[in-house]
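Subject: Structure handover

Hello,

Here is the structure for you to take over. My notes follow below it.

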Amino acid sequence: MAGVTAYSPSADIELRPAQREPWWVRFLLIGGALLVLTVLLLLPLLTVFAEALRRGWEIYVAALSEPDAKSALKLTITVAAIVVPLNVIFGLAAAWLVTRFNFRGKSLLVTLIDLPFAVSPVVAGLIYVLLFGAHGWFGPWLQAHDIKIIFATPGLILATIFITFPFVARELIPVMQSQGSDAEHAALTLGASGWQTFWRVTLPNVKWGLFYGIILCNARAMGEFGAVSVVSGHLRGVTNTLPLHIEILYNEYQFAASFAVASLLALLALVTLIAKSFLENRLES
Amino acid sequence: MAGRTTRRVLPGFGLSLGITLFALSAIVLVPLSAVVLKSAGLGWGGFWNAVTGPRALAAFRVSFSTSFWAALFDVFAGLLIAWVLVRYRFPGRRFFDSIVDLPFALPTAVAGISLTAIYAKNGWLGSHLYAWGIQSAFSPLGISIALAFIGLPFVVRSVQPVLADLEPEVEEASASLGAGRWTTFRRIILPDLTPALLTGFTMAFARALGEYGSVVFISGNMPMKTEILPLLIITQLEQFQYAQATALGTAMLALSFVFLFMINQLQRWSLARRGAV
């Protein structure tokens, strides 16, 4: 869909003599590239853990077991547990629709699915404030019926769904495209029902692609900051997710505690990266 | 496609169409059109005043210039990294290849406080840079550093597959005609990579314009100096200046559409170019 053929880092490319550079050029280029990767990417990751543990293990544990941190963790997991399954249902439906049928406006549909990638997280939060906030379109109606969306969990969920909307669909579409629908046609010809075909043929075939999408979607859902920041209202212990809790601690100059909470999310990022390269190997084979 | 009568043998067209259109409308299209309609309510004059106020203009300038320099840095660094990862074999290559995705996986707030700790006056790198008279945090440079972090994978990941697909024969032909490696790179390889580099640049730039979490800590947030557009929107919302926030949000949304369109066109160009090779 993105028009990029799968690139596999494990594939060995044979360089012919005419494609080789002198050893010192290679040496300099590799050195330069690794320097950028180390300073720009690796150093921030390591700094999180170094700063988190700088004041010692006890402060670290205390920062994580404090009630506000616990409620932030709980809220983050709750939001992800609602957002990810909804995006899985949407992603499967969208991928099935786009890869199994031809219809007018298909490429427009694919572009629209990608749209949230291009929208600033802050704007994503803003649109829900304008709809459901106290001064928003539905604001007075919601207040009259005592329903809270903005500055409450539903707002966090909506903003997070918006941000992660394309993640599952975008990973599934190329996988389902490349697999084609021969297996499904065969199953239907042999008398399977539509749902049987979906559960027993389609889903097992795309399971690695689906996991891949789920992992990316989950990482973004748990780590989202900008969009959530706009709709949350920063009510401590009530609408603070982990990233927002990090911000509050940081602004209160509780740096060690802030980095301690950040280290949880950095661990999540590491797990995501490891799972990602594992799944990429699976998808290649 | 329209003229051919393809029998829809596979079931589920209606159901998947229904779910997709419902989710897309409820989550994306209706809310987005709400913001556009709301800002249309301001009238053209009100909209124009909101996006051309001195503070808004300063925020546009800060956002555009810092995003531009960050994306430009990413083009050079990303090309170097993609080249090394695709062409050379060295210990730890797979590890460094997966690290490239770190900015996608690391929550932006985490990146933000970490980069601030590194580049602040008493930070690991900041202390050296400040000694040289370079203010690396709470300055436009600091914003660009955070945005370069966020945008790097876009360039690396769009260049890598194109680089891996290049035909070795072209380089051999170039060498046999007497060109050195540098000439071959400049005249033969670089033109083939240009669409991918431009795609990566545009993606990094578009992402940088909208970025908030990684910037807000390192920028210092001084109005007129280091205040980026997304931050100005949040400030206005907190001060209940909904009209201004809406107008700026709509302007950013329009920019997003422009960039989305550009990226689509660039990718099409990239594909056509690779198909032709």
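What is the mean pLDDT of chain B, and what percentage of its residues reach 70 or more? The mean is 90, and 96% of the residues of chain B reach 70 or more. Bear in mind that this is a predicted model. Residues 1-6 of chain B have a pLDDT below 50. Beyond near neighbours in sequence, that stretch makes three contacts in the model. For the model, ipTM is 0.89 and pTM is 0.91.

The interface next. On the chain B side, 88 residues are in contact with 86 residues of chain A. Helix H1 of chain B, residues 13-40, gives the largest share of the chain B side, with 14 residues. By class, the chain B side holds 61 nonpolar, 17 polar and ten charged residues.

Now the domains of chain A. Domain 1 covers 18-52 and domain 2 covers 56-284. Their C-alpha centres lie 31 Å apart. Five residues of domain 1 of chain A and eight residues of domain 2 of chain A make up the contact. The domain 1 side of that contact has four nonpolar residues, one charged residue and no polar ones.

Helix H1 of chain A deserves a look. This helix has 30 residues, 23-52. At 1.5 Å a residue, H1(A) should span 44 Å; the end C-alpha atoms are 41 Å apart, which agrees.

Last, two backbone points. Most residues other than glycine have a negative phi. A:Phe151 has a positive phi, near 60°. B:Phe240 also has a positive phi, of about 60°, and is not a glycine.

Where do they sit? A:Phe151 is in the loop between helix H6 (139-144) and helix H7 (153-164) of chain A. B:Phe240 is in the loop between helix H12 (229-238) and helix H13 (242-276) of chain B.

Are they buried or exposed? A:Phe151 is partly exposed, because 19 other C-beta atoms lie within 10 Å, and buried would take 20 or more. B:Phe240 is exposed, because it has 11 other C-beta atoms within 10 Å, and the cut-off for exposed is 12 or fewer.

Best wishes

Notes
Residues are numbered from 1 along each chain as its sequence is written. Chains are lettered from A and ligands numbered from 1 in the order in which they are written. This is a predicted model: local features need pLDDT of at least 70, side-chain atom pairs count only at pLDDT 80 or more; totals for chains, interfaces and linings use all residues. Helices (H or I, at least four residues) and strands (E, at least two) are DSSP runs, numbered from the N terminus. The expected span of a helix is 1.5 Å times one less than its number of residues. Two residues are in contact if their C-beta atoms, placed from the backbone, lie within 7 Å. Ala, Val, Leu, Ile, Met, Phe, Trp, Tyr, Cys and Pro count as nonpolar, Asp, Glu, Lys and Arg as charged, and the others, Gly among them, as polar. Domain bounds come from an automatic or database domain assignment. pLDDT is the predictor's confidence in each residue, from 0 to 100.
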